[in-house]
Amino acid sequence: MTALLILFLTAIAVLFAGLNNRSLLQPLSLIGTLLALAATGYDLFGPGFGWGAEYAAMFRFMPFANAFAGVAILATALIIALSGWGFRNLNSTLGDHYGLILFSLCGALVLFSFTNLTMLFLGIEILSIPLYVLAGSRRDDPSGNEAALKYFLMGSFATGILLFGMALVYGATASFDLATISRVIGNGDQMPGMLKVSILVLIMGLSFKVSAVPFHFWAPDVYQGSPNLITAFMATVVKTAGFAAFYRLFAIAFPGAESFWSIPVALVAALTMTVANITAIFQQDFKRMMAYSSISHAGYLLLAVLAIGTAGADKAMLFYTLTYSLATICAFGAFIVVAEQTGKSTFDAFNSLGKKQPLMAAVLALSMLSLAGIPPLAGFFGKYFLFTAAFAKYPWLIVLAVINSAISIYYYFKIVIAMYFSREEGPETAVELPAGIRWAVLVGLALIAWLTFAPESVYGLI
Amino acid sequence: MSLIFILIPLIASAILLLLRPAGLSRHLALAATLANLAATVYCLSCDYSQGMTCNFSVPWVPSAGIHFSLGMDGITLIMLVLTNLLAPLILLTSWEHKFDNEPRYYGLVLMMLAALNGVFLAQDGLVFYIFYELALIPIYFICAIWGGQDRIKVTLKFFIYTFVGSLFMLVALLWVYLQTNVNGAHSFAWADLTAVQLSPTAAHWVLVGFFLAFAVKMPVFPFHTWQPDTYVTSPTTGTMLLSGIMLKMGAYGVIRWMVPLAPEAMHTVDPLFISLAVFGILYASIIAVKQSDLKRLVAYSSIAHVGLIAAGIMAWNKPGVQGGIIQMLNHGINVVGLFFIVDLLERRLGTRSLADMGGIAKSAPKFATLFMIIVLGSVAVPLTNGFPGEFLLLNGVWTYNFWLGVLSGLTIIFGAVYMLRAYGLVVFGEARPETERFEDVNTREFLVLGIIAGLVIVLGFFPQTILGLTEASVDRILSAVQL
């Protein structure tokens, strides 16, 4: 709760500061997010503030919410650290960018802590509406406009479906409160048809939000058309928030109905990882590849939802979202440097980066290896925790997930191959490494290394 | 103590990769491998009759039952001897070769050695798996950066093939892990994993998962297709690391992990596994006879020899396992010698084709003699190092099944055919203009080949020194795990 207030106040301060002082914006937002991170840390590790942990039966900031808030705030802080260079060409709208990012983060915090369906809806809206604006912030770029329009249409469509589902839940259980819903459902042997439909509709709506197959079609175009850092934000913070909400809703409200919803969710998970991984193989553009990669990670993360009820499902999801976010942000940090200096976003933009910028190449290579889940990197532990959590219930799905992680090596390695083994054609384009980006990705890399050696520090958190 | 084997190369590798001391890299690498060799020699004096010694364990992810635990017994010791004895020799074989970006090259080699030592020392299932995969990353980069033609395609195939194989092992390992129950929690410790009583169906699938991983690595027919291309494309050092040491991870894994974890179904799948291994021996031997490229010939001969090791170990009787372990060491020594000879020939003559060689005996007598000793060892002539291992292995397979024993016995006959044919074509016959000027070995090359040839003879005369080291440990594991 403290973190939420800090972020909200920072966002407002940034909006006003943007009117006259441009150079203050990044430090101000960074300090705000770091303060919020410290407040979350105080709640998690220390005695906590002791107030506002629960508010009007709407939020509850328990360790689950605080830990996920930590992930999202950390990811945002890293993105803001990258933005000093990433947003260097923005002038009058710079303050709006930071403000909107922070508002969106507030929405994510709501999604980590809601205990009432109303807050789920509000959280999703607070998270999404700033992003519709950010996705289209390059007004004169046709692909940016396409991205914004697609994102807005698909997003509002998904919200509509979600609202419909909530209304049906209310019809069946006469409550918006998650605990009450769970009590009404009981052990799920007498579910009215309306409730069954509502659960299916909620799965659809949330699948749209987390871009799970077959509701993923918007993601690649939106990811490709949005400004790079906004894409990184969508791929990390928004995804984490979407999954935490998915998990919370099903773990608190619908555990009794598990035998009913687990089959459709398992099918969505199976489809998501397979379709996304196979499609990713054929991509030539880094951002599209990362879009499909993020869809495939959504497929793995659904395993945590399926594992609800098993000890360690929430821990696995927390660890996975953190490693995935760190690796994705590091990869985008390297990508914006390369893409904006070579003017290309295809894989050959990375050719011989290993010689030109060894540090950048090493960061990108380790991020790719971590995303592919190669031991002993942190990404491997993420996959390992997820797979173990769901193994007892869905052995066949784990075998499929394992095959999919093997497929994913192919496209992640394309980047590694380009950087280290391919020669650049034509004259060599120099790639400079701006200091802000260097520090941000080094921090990200240090955190990945930390998670590799001490996974327990995060896994044991909740 | 056991941590040293991983720490020394890992620290040296970190120094090389991060600080990039350009001129000193090869010396630092050699010093690190020699330090490891010294530690191995020291460990020869430990007592291995009481089970695991030199244990080291720290919690890694305690809430998930993962501990970073290492330990060694006689079997591990021989694998450490293999790794740490061959490592300095392998570095010396390419001592004068100029690699671009030397610190990175040697850094990767050392990282791989650290991972290999880790594989052999691991006493925790997940730690074993992590080291098993970690060994793959540096060798992939070594082959893909410093390799020859088609390296990117070939090495990616190699990587995906072996990675997919070991993912099945991970699934099998997880299954067993989820059946463990130590005070209400799961555990990855070797003792806890082996204590699990699996149902026959589950044990069946666990064995298949492990077999896929190890069969790809060794490789056993029909999972061998990555191997000849990768060997030919890799730089010679990479080929030596792969064939000399890395293949043995698979055979070691069978002894330490596959059979002990799921002995319940071994008797139902064993006939299939051993038949595949024996078929692979025949298949690779026949292809080797027809090869005209010397490096490819050695690659196929390696498939045949390792196939025999696999068959002997999976027969799971004392001669089979003992023979497998001693043969892993001896095959490592011989194959490094053979690949070094291929490299010498290729660098001097610019070709690997047997048709372009001949008549070297006159111009390079020292080379021809050393080559002969190594060939004899590889053919398993009595009183060379190849003999005791292959004899015991054949004995083991024979005890398991008469006909399979007879068939795998053909490996020695075929081995003699293709190795002696190759030797004849390289060394004897009419000299060509290029081979007439063939320089004999220089001091460094003489040293390396001399050490290898010396080991061929010494280990051939005194196989008991090695067998004695492993006997107690093999007895323990065989009596603990009965099929």
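At what angle do the axes of helix H4 (residues 94-113) of chain A and helix H10 (residues 228-253) of chain A cross? Hello everyone, let's find out. This is a predicted model, in which local features need pLDDT of at least 70, side-chain atom pairs count only at pLDDT 80 or more, and totals for chains, interfaces and linings use all residues. Residues are numbered from 1 along each chain as its sequence is written, while chains are lettered from A and ligands numbered from 1 in the order in which they are written.

Back to our helices, which are DSSP runs of H or I with at least four residues, numbered from the N terminus, as strands are runs of E with at least two. The two axes, lines fitted to C-alpha atoms over the stretch in contact, with angles from 0 to 180 degrees between N-to-C directions, cross at roughly 25° and come within 8 Å. That makes H4(A) roughly parallel to H10(A), a term for angles under 35 degrees.

Who meets whom? Contact requires C-beta atoms, placed from the backbone, within 7 Å. From H4(A), Ile101(A), Leu105(A), Ala108(A), Leu111(A) and Phe112(A) meet Phe233(A), Val237(A), Ala241(A), Ala244(A) and Ala245(A) of H10(A).

Now the whole of chain A: 19 helices and two strands. Its C-alpha trace spans about 70 × 50 × 45 Å along the principal axes. Of the contacts in chain A with a separation of 6 or more, 80% are between residues 24 or more positions apart.

Finally, the partner chain: 21 residues of chain B are in contact with 22 residues of chain A. On that side of chain B, H7(B) gives the most, with ten residues.

Conventions. Two residues are in contact if their C-beta atoms, placed from the backbone, lie within 7 Å. Angles under 35 degrees count as roughly parallel, over 145 as roughly antiparallel, 65 to 115 as roughly perpendicular and the rest as oblique.
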